[in-house]
Every structure is written in structure tokens, then in C-alpha cells.
Amino acid sequence: MDDCASVLDQHWYRTLDATAGFRAYMGARGARRFWHGYYNIKSIDHYTGAPLAIGIYSASKNEHTCYPDLFERLQRNIGGNPESIVADKGFSIEAVFAHNTNNGVASVIPWRKGKGRLQRQDFDTHDRHGIPRCKHCGAECEFIRFRVEKGGPRLWFRCLNQANRTPAACARIQSITCKTDYRLLLPLWRTEPIYHELASSHSQYERVHRHWRERYLVAGDNLATRPKRRGIGCQELRAQAALLAEWLRISWREGWLGSARRNKKSPARYASFGVTGSRGLKKFRIKAGLRVPYGQQAALLGLGEATPPSRRVAAPPGDPPDYGGVPF
Ligand SMILES: [Zn+2]
């Protein structure tokens, strides 16, 4: 018989399933949610709304530590890397951003305050939204390209202000390594409408967990739906078998099974969300003083203040940390 004990918030728990774990989401008045068992993490395709990879992990692990394994399963199942990954705050960890960027994948993950990081900061090299600043005048820059090189991922950009007319200054293409700040310097910039379009699509995928409970009894969360066998192996087998069944069904429905028939429908777009989101961010950036040059070079040229906006004593009013819940 497997027997294992675990301690959580000074309480001891004993379980007969050594592969299961314990997790509690704590609130001000104690645990808001507590469970014994596993995580069931799904990586969902934007086109079909179906999972592309699934991983079952002990609930005692931190969710983000399961990410590299899930990413590997995803790579194996789709035969390469996705262009972008949208995830929730649980994955808003530097290691996850670094993993994605090093694989050339754009992260669309909400900002999470860390220990000792109360507010998003602007730096001389890049601002709080990850927009690089011109090395010669401190202005905003425009995206030129992103590439993963031998030395790591790198962004190339050009000054939008062109204020420093010294030869070989603002007009030249500049670059920065994403290692400088993995959480902010992303392959897909936060000012792009597509970033907001992707971010707004995330919430609809939570329903897939419920669909899969109903269709395949995967990730059962009560006595009636959970497997009667003990251990992670049974959970894993059920999930992977369901994945095969789901994709056979999708392939049949879409006419991909050796037939010339094709589903002529085009994927749903959320273009208006993207335009509204990026417009909102632009307004916010004007208000926060980010559209104006800052830094040592800006001060020398008389274009702006040397201190970055977020570090000024009287910070601009209305600086919500999460910008009204929209993940930037
Ligand atoms: Zn410049």
C-alpha cells in the first residue's frame, strides 16, 4: 500500500496515493480552495478549441515547474513550436517567459507582482511594457525583428523620434538581448493589436476542462467522475487516450481523414478586441509619460527628464498595476 504524508501550512495530511499532492489557494481568511490530487494542464489550440497536449502533475508541485514538460509534449504533438502561448497568472514567472522566448515563442501572460516588485518599472533600456528605448535620445522604438541567435534571443528596433542627428545615432538599427529582462522583452510586443486579441481569447478556454470531464471523465473532481483506480498513471492514460479520441473525431468532422472534403469555415477572430486593447494601452502610455523621451540622453538633448517616469516622485495619477484587468 502506498502511504505518504505531506505538510501544508502547518497541517499534516496522509494519503494512500503517493503520486498525488496537496494544494491550497490561500486568501485573507484562510484557504479559498483546497484539493488533494493533481493538476490537469491542457495546452489548447486556438483554431479548433481542442487540447493539443495534456499533462497530469502532482498538486504538490508549483504549477509553473510543470511547464517545461508540458511544452515538450506540445512540441512533440505538433512537430514544432507554436508562434505564441497565452497563459494565466500562474505561469507569470520569469522562467516561463525565458523558456518561451528562447524557443522563439511569444508569451501572452498577465503581469504578476513579485516580491519587492510592487510596481512595474521603466528602465533606460526599456520601459514597463517592454518597449526598448533609443540609446541615443531615450525615445520609444519600433519593432524591426526578433531572432534566437547563438548567444540567445535578441530584438532589433529603430528609434521613432530620430532626434539625435549625430551620424550613426538614432537612424541606425539598434538591438537588445532579451536576457536583459525576460518578463518584459518579448518577441511579440504588448503594443501590437494581435497581442490583445490573443489575450482576450484566453478566458473561453477554461470551459474545455468542463467539456472533457463530461465527454471523457478526464480530471474528475468529485466521487462520481473521478477514476476508481489509485495513482497518476491511470489519470495520465485516460487523458492521453481521450486526446487521441478527440483528434480522431475532429479529423473526421473537418474532413481531414483521407477525404478531399474540407471545412470551409474560417477561424474566429477577435480583431476588435485587439484594436481596442492596443488603443487603450497607447492612451495609457501617453498619460504615464512613456511617449516622451526619458533618460540621460534625453536630458542631454533637452527632450525629457533623466529619471524614468515610474521612478519620479510624483508619479502620474491613475497607474493601475494590471490596467483594468487586461493582461499586458
Ligand atoms: Zn533616438
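Here are some quick questions and answers on a predicted model.

Residues are numbered from 1 along each chain as its sequence is written. Since the model is predicted, local features need pLDDT of at least 70 and side-chain atom pairs count only at pLDDT 80 or more, while totals for chains, interfaces and linings use all residues.

Me: How many strands does the protein chain have?
Reply: Helices (H or I, at least four residues) and strands (E, at least two) are DSSP runs, numbered from the N terminus. On that count there are seven helices, and the strands come to 10.

Me: Which residue in β5 is the bridge partner of Tyr 39?
Reply: Strands pair if DSSP finds at least two bridges between them. β4 (residues 30–44) and β5 run antiparallel with seven bridges, and they form a hairpin with six residues between them. Within β5, the partner of Tyr 39 is Tyr 57.

Me: How many of the eight residues in strand β5 are buried?
Reply: Buried takes 20 or more other C-beta atoms within 10 Å of a residue's own, exposed 12 or fewer, and partly exposed falls in between, with C-beta atoms placed from the backbone. β5 spans residues 51–58 and is mostly covered, the buried count being six.

Me: Why is Arg 73 classed as partly exposed?
Reply: Arg 73 belongs to helix α1 (residues 67–78). It's partly exposed because the number of other C-beta atoms within 10 Å is 18.

Me: Which residues does Arg 73 touch, leaving out those up to four places away in sequence?
Reply: Contact takes C-beta atoms, placed from the backbone, within 7 Å. Arg 73 and Ala 53 sit 20 residues apart in sequence, yet 5.9 Å apart C-alpha to C-alpha. The residues touched are Ala 53 and Gly 55.

How values were computed
Two residues are in contact if their C-beta atoms, placed from the backbone, lie within 7 Å.
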